[in-house]
Amino acid sequence: MATIPSRSYTDLSFTCKVNPIKKDLPVNKDENAIKRSVLNLFSYQKGEKAFDPNFGSNIPNYLFEVFDYATAAAIQNEVTRMVTLYEPRISLEEVIVEPDFNTNEYELAIIYTLPNNAQRFDITFYLESQST
């Protein structure tokens, strides 16, 4: 039976500080590289990236909308769009956006798998609504 070789992913770290021992730039590897890449998708607003006006998200705009389940669904759709279009290294399983009415925050969970790996990974973070 043939085995499928596993892939390794490497991205440059955001810190860009030279490693004093190796004298090279730090890198994120495998799962950390994927997580950082997914989170980086949301650091751009739509139209902010040169030569790619469709890149970026409208999530910052949604944080000023009414804090409700409809806005949570719009955020969920936007996250699904961004990850599906711009992170081909993963298979998106599910995006969950839950509003927390006590803290005025959306809890966002992105659940995915890597190719040739059945293990599920997740990224969870919070978005604070700016509406009152």
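**Figure 1. Overall organisation of the predicted protein chain.** Among contacts in the protein chain between residues at least 6 apart in sequence, 42% join residues at least 24 apart, a contact being heavy atoms within 4.5 Å. The model is a predicted one, in which local features need pLDDT of at least 70 and side-chain atom pairs count only at pLDDT 80 or more, while totals for chains, interfaces and linings use all residues. Residues are numbered from 1 along each chain as its sequence is written, and side-chain values use heavy atoms, with hydrogens and water left out. The protein chain holds three helices and five strands, in the order β-β-α-α-α-β-β-β from the N terminus on; helices (H or I, at least four residues) and strands (E, at least two) are DSSP runs, numbered from the N terminus. Of the 132 residues in the protein chain, 33% are buried, where buried means under 20% relative accessible area, exposed over 50%, and partly exposed in between (1.4 Å probe, protein chains only).

Figure 2. The 18 residues of α3, at 1.5 Å a residue, should span 26 Å, and its end C-alpha atoms are 26 Å apart, which agrees; the expected span is 1.5 Å times one less than the number of residues in the helix. Thr-71, Ala-72, Ile-75, Glu-78, Val-79, Met-82 and Val-83 are the buried residues of α3. Seen down the axis of α3, these buried residues fall within an arc of 125°, so they line one face of the helix, the arc being that of the directions from the helix axis to the C-beta atoms. On the other side of α3, the exposed residues are Tyr-69, Ala-70, Asn-77, Thr-84 and Leu-85. Glu-78, with a relative accessibility of 7%, counts as buried, and beyond its neighbours within four places in sequence it is in contact with Gly-56, Ser-57, Asn-58, Ile-59 and Tyr-62.

**Figure 3. The largest nonpolar core.** Of the 25 residues in this core, Phe-42, Ile-75, Val-79 and Ile-110 touch the most other members; a nonpolar core is a set of buried Ala, Val, Leu, Ile, Met, Phe, Trp, Tyr and Cys residues joined through side-chain atoms within 4.5 Å. The elements giving two or more residues to the core are α1, α3 (69–86), β3 (91–100), β4 and β5, and α3 gives the most, with five residues. Not counting residues up to four places away in sequence, Ile-110 touches Val-38, Phe-42, Val-79, Leu-92, Glu-94, Phe-121, Asp-122, Ile-123 and Phe-125.

Figure 4. Strands β3 and β4 pair in the antiparallel sense over nine bridges, two strands being paired if DSSP finds at least two bridges between them, and the bridge partner of Val-95 in β4 is Ile-110. Four residues lie between the strands in the hairpin of β3 and β4, where Asn-104 takes a positive phi near 60°. Strand β4 (residues 105–113) runs antiparallel to β5 and is joined to β5 by nine bridges, with Asp-122 in β5 as the bridge partner of Ile-111. The β5 strand (residues 120–128) has a covered face of Phe-121, Ile-123, Phe-125 and Leu-127, whereas Arg-120, Asp-122, Thr-124, Tyr-126 and Glu-128 form the uncovered one.
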